[in-house]
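Keep the sequence and the 3D view open side by side as you read.

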Amino acid sequence: MSLPIVAADARCCVPRVTSPLDGEGAARAARTFKALGDSTRVMLLSLIAASTDGEACVCDLTEPVGLSQGTVSHHMKILAEAGLVTREQRGRWAYYAVNREALASAADALRPA
């Protein structure tokens with residue numbers, strides 16, 4: 001049995017890989033996904049998103065995740081720096097709300113153009 005002869009310039013397929021993101025967009029998406037790369041932060045984001053008024057005090061987040069206030073605040077700082085949540089100081093407590101636009105933007109980074 002002999003193999004077919006293929007021309008030297010023949011391609012196996014047409015290139016279909018393109019990137020709708022430029023370097024800056026890819027870096028922004030990477031920061032977002034890095035922040036979401038921790039299960040505690042994903043859980044915190046989920047808790048805030050599921051809250052009845054769309055926000056949560058850091059004091060309300062410690063018990064559900066079983067972590068100290070300091071550790072939760074650290075995770076929330078990372079989420080805020082990634083732009084996934086907004087933070088509002090009320091007296092001595094910080095309140096967080098999900099930045100739905102940032103979440104939508106992260107999802108869009110993975111959608112085909």
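Leu67 sits in the loop that links H3 to H4, where helices (H or I, at least four residues) and strands (E, at least two) are DSSP runs numbered from the N terminus. This is a predicted model, in which local features need pLDDT of at least 70 and side-chain atom pairs count only at pLDDT 80 or more, while totals for chains, interfaces and linings use all residues. Residues are numbered from 1 along each chain as its sequence is written, and side-chain values use heavy atoms, with hydrogens and water left out.

Not counting residues up to four places away in sequence, Leu67 touches Thr40, Thr62, Val72 and His75, where contact means heavy atoms within 4.5 Å.

Leu67 and Thr40 are 27 residues apart along the chain, and their C-alpha atoms are separated by 9.4 Å. Thr40 counts as buried because its relative accessibility is 17%. Setting aside neighbours within four places in sequence, Thr40 is in contact with Leu67 and His75.

From here we can look at how the helices pack. H3 and H4 meet at an angle of about 105 degrees, and their axes are 9 Å apart. Here, axes are lines fitted to C-alpha atoms, for helices over the stretch in contact, and angles run from 0 to 180 degrees between N-to-C directions. H3 is therefore roughly perpendicular to H4; angles under 35 degrees count as roughly parallel, over 145 as roughly antiparallel, 65 to 115 as roughly perpendicular and the rest as oblique. On the H3 side, Val58, Leu61, Thr62 and Val65 meet Gln69, Val72, Ser73 and Met76 of H4. Sorted by class, this contact of H3 with H4 has five nonpolar, three polar and no charged residues. In this scheme Ala, Val, Leu, Ile, Met, Phe, Trp, Tyr, Cys and Pro count as nonpolar, Asp, Glu, Lys and Arg as charged, and the others, Gly among them, as polar.

Now bring in H2 (residues 39-50) beside H3 (residues 58-65): the two pack at an angle of about 125 degrees, with their axes 10 Å apart. H2 and H3 are therefore oblique to each other. Met43, Leu44, Leu47 and Ile48 of H2 make the contact with Leu61, Pro64 and Val65 of H3. By class, the contact of H2 with H3 has seven nonpolar, no polar and no charged residues.

What angle does H2 make with H4? The axes of H2 and H4 (residues 69-81) cross at roughly 80 degrees and come within 10 Å. That makes H2 roughly perpendicular to H4. Thr40, Arg41, Leu44 and Ile48 of H2 form this contact with Val72, His75, Met76, Ile78 and Leu79 of H4. The contact of H2 with H4 has six nonpolar, two polar and one charged residues by class.

Next, the cysteines. How many disulfides does a search of the whole structure find? The search finds zero, a disulfide being a pair of cysteine sulfur atoms within 2.5 Å. Cys57 counts as buried, with 1% relative accessibility, whereas Cys59 is partly exposed, with a relative accessible area of 33%.

Towards the end of the chain, Pro112 lies in the segment after helix H5 (100-108). Pro112 counts as exposed because its relative accessibility is 77%. Pro112 and Pro20 are 92 residues apart along the chain, yet their C-alpha atoms are separated by 7.7 Å.

Finally, step back to the whole chain. The protein chain has five helices and three strands, and from the N terminus on its elements run α-α-β-α-α-β-β-α. Of its 113 residues, 26% are buried. Among contacts between residues at least 6 apart in sequence, 53% join residues at least 24 apart.

Definitions and conventions:
Buried means under 20% relative accessible area, exposed over 50%, partly exposed in between (1.4 Å probe, protein chains only).
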